[in-house]
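Here are my notes on this entry. Please read them alongside the coordinates.

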Amino acid sequence: MTKMMNLSPETVSLLLLLALLSPTLLLCSGDSTTVEDESPPTVCIIGSGIGGSSVAHFLRNYSASTALSRSRILMFERHERVGGRMRTVTVSGDTFEAGGSILHPKNYHARDFVERFNLTVRSPTAVEECSAVGIWDGKRFVFKTFGSSIPFVDKIVSWLNDVYMFVRYGFSLLRMSNFIENMIDNFLKYYESLESRPVFDSVEGMLKWSGLYNLTKVTLQEKLSEAQLSPLLVNELVTVITRINYGQSVLISGLAGAVSLAGSGGGLWSVEGGNWQMAAKLINHSDVTLHLNEQIQSVSHLGDYYELKSAKGNSFKCDVTVVSTPLDEVDIQFSPAISIPKRELQHTHATFVRGLLNPGYFGMKLVSDVPALVGTLEDPLIPFSCISILRKYSATDMTYKMFTRQPASDSLLDELFSARTETVRIDWGAYPKYHAPEVFAPFILDDHHLYYVNAFENAASTMETSAVAGENMARLIVSRFRTKESSSSSPSSDTRSCSSGLHSDM
């Protein structure tokens, strides 16, 4: 038998007390032990477009000092591909943008994504950059520039076009340029340092801070009249631009209209092989668990978490849920119910045709007399918004892209084209129908952690504005988690009361 040590009654009592308290001492010995033992939070993102992928990217960048640094990010995409409204189409083996097509030289998030992931910038081709533009009123071309693809000559032609446009529109061109630049200068505030830029919990606050909010309260037509642009310029050139970029007239809200005008300037670019690659790279480099072909049908808040159920019958438990797809045309049931302003998406029907345009439709004898880009005035009798040459293989063989507000029928295509060897149609739920004054959905859809990135779309809808909204959303989630963690470490928290209890027992 083992010989027992001689211990005093006081020592035995102390040892028994320590033995009873040892589990409490282990729990209270330091916050790091309990935090590491907790399951990391799960962030669920519905939608894999540039908005959702930007949220994932910036969450990884900004959450280093919070519990979110160890978070699991799940992303759900109802289609078989990522990219949302960024997509490409293949015509006769050539790839063309079918969704979000162009980026501005001052789209700094997109630029950063391209450089960060070694993507290749695609500049406009000679056909796109040096070709003639015509404005069609349904019966004739009311204005048409000159076109050239011959080196050196194209610079002279460009100068002649500038003079020609100035003769027609005068100093209104300069006023329009100033209007666009003022909007861009305000938008650039969203790239300021994190120290000087607040975290925004509403679209209205985000727009007011940058000085862009008032542009959403009136129509583009009203703003341009206030800027003293001539009615001729507004009814012709500006109308063509808004019909091409947003499929709508100059009665759209002022900010969306200004963004549309900015997309008609020089230095525009895209990503070689498809802009959707930005979203794919952001997802791949953000340690995201991607669920393709997984349509979320319901989001239920169940006390401490959200339960997401998909059309496949799968269920997912999430601490944070981010909706990054327009809620206008998806049927997601929320419990409790959410409240957002009703809006509609503007559908743009993109039709790609390989063949040859019919010059007779435009009252011309030769197809070479038809401008490479045909824009149209706001007239319900004109069946298309624009037609442009994407690629020229020969004088009788080209690929065209046409935008219409309604699906392009075969009879319309047979009128417009003398030959068609391939036709591809895309129904693109592209952007909101803009109305002034705009009303915005909330960024935070409940009192907890349900967020809506696409609320910003009623200001303007582009790839870059989605990235800007996604970046702010990531900061908003992180800041609210920091607030939650700060409150949990207050004097009334478990750690402090545990320590006080041990002290009183001793």
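1. Terms first. Buried means under 20% relative accessible area, exposed over 50%, and partly exposed in between (1.4 Å probe, protein chains only). Q221 has a relative accessible area of 33%, so Q221 is partly exposed.

2. Basis. This is a predicted model: local features need pLDDT of at least 70, side-chain atom pairs count only at pLDDT 80 or more, and totals for chains, interfaces and linings use all residues. Residues are numbered from 1 along each chain as its sequence is written, and side-chain values use heavy atoms, with hydrogens and water left out.

3. Surroundings of Q221. Q221 sits in helix α9, residues 220-226. Helices (H or I, at least four residues) and strands (E, at least two) are DSSP runs, numbered from the N terminus. Leaving aside residues up to four places away in sequence, Q221 touches N235, V250 and L251; contact means heavy atoms within 4.5 Å.

4. Whole protein. The protein has 15 helices and 20 strands. Of its 506 residues, 49% count as buried. Among contacts with a separation of 6 or more, 73% link residues 24 or more positions apart.

5. Helix α6. V163 lies in helix α6, residues 153-169. Why does V163 count as partly exposed? Its relative accessibility is 37%, and that value falls between the 20% and 50% limits.
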